[in-house]
Amino acid sequence: MNKGELVDAVAEKASVTKKQADAVLTAALETIVEAVSSGDKVTLVGFGSFESRERKAREGRNPKTGDKMEIPATKVPAFSAGKLFREKVSPGDE
């Protein structure tokens, strides 16, 4: 499902126009991105949590030459699915 299909589904479920659904979805995603990029954790109960995580510096190899290289520390976005979401996706895993 791409964003357009998601907008269509949201518009139908919420009984709003596609334009309104697109505006709300876009605003929600932008707000989550802004919050996570500023270091906040966004938790949607039953759905999951969005946060930034620290990735430590590590040693890697250049795939072309095989030479060792240092990969610097960085922050990466992360999503953890909530319990209800996990159970919906895989009902037998308990």
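A contact here means that heavy atoms of two residues lie within 4.5 Å. The exercises below use this meaning on a predicted model.

**Exercise 1. Contacts along the chain**

Task: Take the contacts between residues at least 6 apart in sequence, and state what percentage join residues at least 24 apart.

Solution: 
- Step 1. Keep the contacts in the chain whose residues are at least 6 apart in sequence.
- Step 2. Within that set, look for pairs at least 24 apart; they make up 29%.

**Exercise 2. Order of helices and strands**

Task: Count the helices and strands of the chain, and write down their order along the sequence.

Solution: 
- Step 1. The count gives three helices and five strands.
- Step 2. Reading along the sequence gives the pattern α-α-β-β-β-β-β-α.

**Exercise 3. Overall shape and surface**

Task: Compare the radius of gyration of the chain with the value for a compact globule of 94 residues, then describe its box, its burial and its surface.

Solution: 
- Step 1. For a compact globule of 94 residues, the radius of gyration would be near 12 Å. The chain has 19 Å.
- Step 2. Along the principal axes, the C-alpha atoms fill a box of roughly 55 × 35 × 30 Å.
- Step 3. A residue counts as buried under 20% relative accessible area. Of the 94 residues, 15% count as buried.
- Step 4. The accessible surface is about 7,700 Å², and 56% of that surface belongs to carbon and sulfur atoms.

**Exercise 4. Charges**

Task: State how far apart the mean positions of the positive and negative charges are.

Solution: 
- Step 1. The chain has 16 positive and 15 negative charges.
- Step 2. Their mean positions are 3 Å apart.

**Exercise 5. Ser15 and Ser49**

Task: Decide for Ser15 and for Ser49 whether the residue is buried or exposed, and describe the setting of each.

Solution: 
- Step 1. Ser15 lies in the loop between H1 and helix H2 (18-37).
- Step 2. The relative accessible area of Ser15 is 69%, so Ser15 is exposed. The cut-off for exposed is over 50%.
- Step 3. Check the backbone: Ser15 has a positive phi of about 55° although it is not a glycine. Most residues other than glycine have a negative phi.
- Step 4. Ser49 is in strand S2, residues 48-55. Its relative accessibility is 12%, so Ser49 counts as buried.
- Step 5. Leaving out residues up to four places away in sequence, Ser49 touches Lys41, Val42, Thr43, Ala78, Phe79 and Ser80.
- Step 6. With one of these, Thr43, the side chain of Ser49 makes a polar contact of 3.4 Å.

**Exercise 6. Pairs apart in sequence**

Solution: 
- Step 1. Ala23 lies in helix H2 and, at 46% relative accessibility, counts as partly exposed.
- Step 2. Arg58 lies in strand S3, residues 58-61, and is partly exposed at 37% relative accessible area. Neighbours within four places aside, Arg58 is in contact with Met69, Glu70 and Ile71.
- Step 3. Glu54 lies in strand S2 and is exposed, with a relative accessible area of 60%. Neighbours within four places aside, Glu54 is in contact with Thr74 and Lys75.

Note on methods: Residues are numbered from 1 along each chain as its sequence is written. This is a predicted model: local features need pLDDT of at least 70, side-chain atom pairs count only at pLDDT 80 or more; totals for chains, interfaces and linings use all residues. Side-chain values use heavy atoms; hydrogens and water are left out. Helices (H or I, at least four residues) and strands (E, at least two) are DSSP runs, numbered from the N terminus. The radius of gyration is taken over C-alpha atoms; the globule rule is 2.2 Å times the number of residues to the power 0.38. Buried means under 20% relative accessible area, exposed over 50%, partly exposed in between (1.4 Å probe, protein chains only). Accessible areas come from the Shrake-Rupley method with a 1.4 Å probe; for residues, only the protein chains shown count as cover. Lys and Arg count as positive and Asp and Glu as negative; His and the chain ends are not counted. The place of a charge is taken as NZ of Lys, CZ of Arg, CG of Asp or CD of Glu. A polar contact is a pair of N or O atoms within 3.5 Å; within protein, one must be able to donate a hydrogen and the other to accept it, and residues adjacent in sequence count only if both atoms are side-chain atoms.
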